[in-house]
Amino acid sequence: MKQTKNITPTNMVCICCPLGCSLTIIKSDNEWLVTGNKCLRGKKYAAEEMTAPKRVVTSTVKIAGGLYPMIPVKTEQPIPKEKIFTIMNILASVRAVAPITMGDIVIKNVADTGVNVVATKTDKGMPF
Amino acid sequence: MAAALAAHQNHIKNILIIERDLELGGILNQCIHSGFGLHHFKKELTGPEYSSLIIQEIQKTNIEVMINTMVLKLGEDKTIHAINSDHGYMKINAKAIVLAMGCRERTRGAIRIHGSRPAGVYAAGTAQRLVNIDGYLPGKRVVILGSGDIGLIMARRMTLEGAKVEAVLEILPYSNGLTRNIVQCLNDFAIPLILKTTITKIHGAERVEGVTIAQVDDQLSPITATEKFIPCDTVLLSVGLIPDNEISHSAGIAIDQRTNGPIVGELRQTSKDGIFACGNVLQVHDLVDFVSEEGALAGLGAAKYINNDFDSSFTHTTIADNGISYIVPQKINVKNITDKLKLFMRVKNIFENSIINVYLGDKIIASKKEHKFLPAEMISFDLKKQDLINNSEKQIIVKIEPII
Ligand code: SF4
């Protein structure tokens, strides 16, 4: 493949799994050339990180009638990094109600990302 | 839970899990970030998702669960003294017992930071529980001491919840956390990681008002000339974990000074007949997947013991030689092994371009080469039963050697 000269390669660490491969990325014409990735997810991550970085948000929301006052949640898919705090603000205003099952949708299409926020724990409510 | 499930699979009828909290799952329930289960479930889960999946497996069995119950003491005669609000004080007798109490966090006392005693100094895991389970934010302006994964994860968590994390300090010249956590927990939020630096004093009368930080020299002693004040209202300490062995002590179980956990054999049998131990009470693990694996071993051991299919003598010992800080298990009986034996260990320091060799006598039976071995990363070896039987040597010696 042809490599464009005088473009410095970018180094980054893949965060898709705990292996944390060190990636090197070079822009070639209209493609990202990635090396150092041990799997294909690393290539996808590098290209995304160069153009539109995304993250999975894990947090908590208040729950009424739950075993504890909070229930853990996550975005089902990674969302654009710049929307993290918008989503955190939305989560702060939401209240779930027990009983809730792991995987239940807490917020649909959060902040117009097309991604749902789901519960990551089952809470059947106070047993006593 | 993993031990209970393994015992159940090995046809044990009466199994009871005693849990101090209001629900099963332990520390996983407050670890709401993802990164769990890649080995065990082959997908990346959050802590509560991992524990929920195991709880579902428990619920499919007749394993009994007693929550909100505190074990006060384990007698030398294997009597469990426990208490809860439904039954009051109880004495429970079991044929076999598996200890899985986990670990505790090291506190300010353990690392002796000077200064006053204001409110606002928390162990990072305690702060994690306050935020993720109880829904309280312990402070607004935070300095974190210790850059292990818990410290890094809490830096992001506090930031997401609206606090300002001024810095994460690390006394060593490198972070003990995963690189991915430095990227997604610190870099993403422009939180500085300051290496070779520690807190020398905590200021504040009622509430923390700030900390004095200083660089350290090669002996890790603070350099006074580099002292600097950072205003903050909260200090989170992420300075290590210690296996919680109060109950093991009361039962008179022999403890390994290096792991701070019980000395165990291949099926995690302790020095007391019929008592087994697994997970962080034995050795502080990096991955919950290996905790589950170790739990299953202990559960199998307990089942074999009850079924009178357990040989309590030992055939081999393991020796942590040059560069290795500890090995679990410390003792081995090959007769209880099916076909493979897994050794877990950590190195004492950073070793570059080295090889870890496992010797039986002067024969190398396993080895691992790496550009870098870090104390923060647990290392494991699979040994073949056949290799152990076919050799009259009884000492398994592990050491680090340079690559020649
Ligand atoms: S490239 Fe693949 S193996 Fe490497 S860190 Fe990323 S996801 Fe993990």
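This briefing covers the pockets, ligand shell, sheets and backbone details of a predicted model.

The model scores ipTM 0.87 and pTM 0.90. Chain B averages a pLDDT of 94, and 100% of the residues score at least 70; pLDDT is the predictor's confidence in each residue, from 0 to 100. Residues are numbered from 1 along each chain as its sequence is written, chains are lettered from A and ligands numbered from 1 in the order in which they are written, and side-chain values use heavy atoms, with hydrogens and water left out. In this predicted model, local features need pLDDT of at least 70 and side-chain atom pairs count only at pLDDT 80 or more, while totals for chains, interfaces and linings use all residues.

**Second largest pocket**

- The volume of the second largest pocket is about 760 Å³. A pocket is an open set of points on a 1 Å grid over the protein atoms alone, with protein on both sides within 12 Å along at least five of seven lines. Grid points are joined across faces, edges and corners, and a volume is the space filled by probe spheres set on the points.
- Its lining holds 28 residues; a lining residue has an atom within 4 Å of a point.
- Cys16(A), Arg55(A), Val56(A), Pro78(A) and Glu44(B) lie nearest the centre of this pocket.
- Helices (H or I, at least four residues) and strands (E, at least two) are DSSP runs, numbered from the N terminus.
- Helix 1 of chain A gives the largest share of this lining, four residues.
- By class, the lining has eleven nonpolar, six polar and eleven charged residues. Ala, Val, Leu, Ile, Met, Phe, Trp, Tyr, Cys and Pro count as nonpolar, Asp, Glu, Lys and Arg as charged, and the others, Gly among them, as polar.

**Ligand shell**

- The residues around the ligand include Cys14(A), Cys16(A), Cys17(A), Cys21(A) and Cys39(A). Leu19(A), Gly20(A), Asn37(A), Lys38(A), Arg41(A) and Gly42(A) also belong to the shell. A residue is near a molecule if one of its heavy atoms lies within 4 Å of it.
- The shell divides into six nonpolar, three polar and two charged residues.

**Largest cavity**

- The count comes to one cavity of 30 Å³ or more. A cavity is a set of points where a 1.4 Å probe fits but cannot get out.
- The largest cavity holds about 60 Å³ of space.
- Helix 4 (124–134) and helix 5 of chain B each give two or more residues to its lining. Helix 5 of chain B gives the most, with five residues.
- Residues lining the largest cavity include Thr58(A), Ile32(B), His33(B), Gln128(B) and Arg157(B).
- This lining divides into four nonpolar, four polar and two charged residues.

**Sheets and strand pairs**

- In chain B, three strands form an open antiparallel sheet in the order 5-6-7. Strand 5 (70–74) and strand 7 (88–93) of chain B each have a single partner strand, so one side of each is left without a neighbour in the sheet. The twist averages 25° from one strand to the next. Angles run from 0 to 180 degrees between N-to-C directions, with axes as lines fitted to C-alpha atoms, for helices over the stretch in contact.
- Strand 5 of chain B pairs with strand 6 (residues 79–84) of chain B over four bridges. Two strands pair if DSSP finds at least two bridges between them. Val71(B) has Ala82(B) as its bridge partner.
- In chain A, an open sheet of five strands runs in the order 8-5-6-10-9, with mixed pairing. Strand 8 and strand 9 of chain A are its edge strands. The twist averages 45° from one strand to the next.
- Strand 6 and strand 10 (residues 117–119) of chain A pair antiparallel over three bridges. Val73(A) has Ala119(A) as its bridge partner.
- Strand 25 (residues 351–360) and strand 26 (residues 363–373) of chain B run antiparallel, joined by nine bridges. Their hairpin has two residues between the strands, and Gly361(B) takes a positive phi near 65°.

**Backbone details**

- The peptide bond from Ala98(A) to Pro99(A) is cis. Pro99(A) sits in the loop between strand 8 (95–97) and strand 9 (105–107) of chain A.
- The peptide bond from Val328(B) to Pro329(B) is also cis, with omega near 0°.
- Asn260(B) is not a glycine, yet has a positive phi of about 60°.
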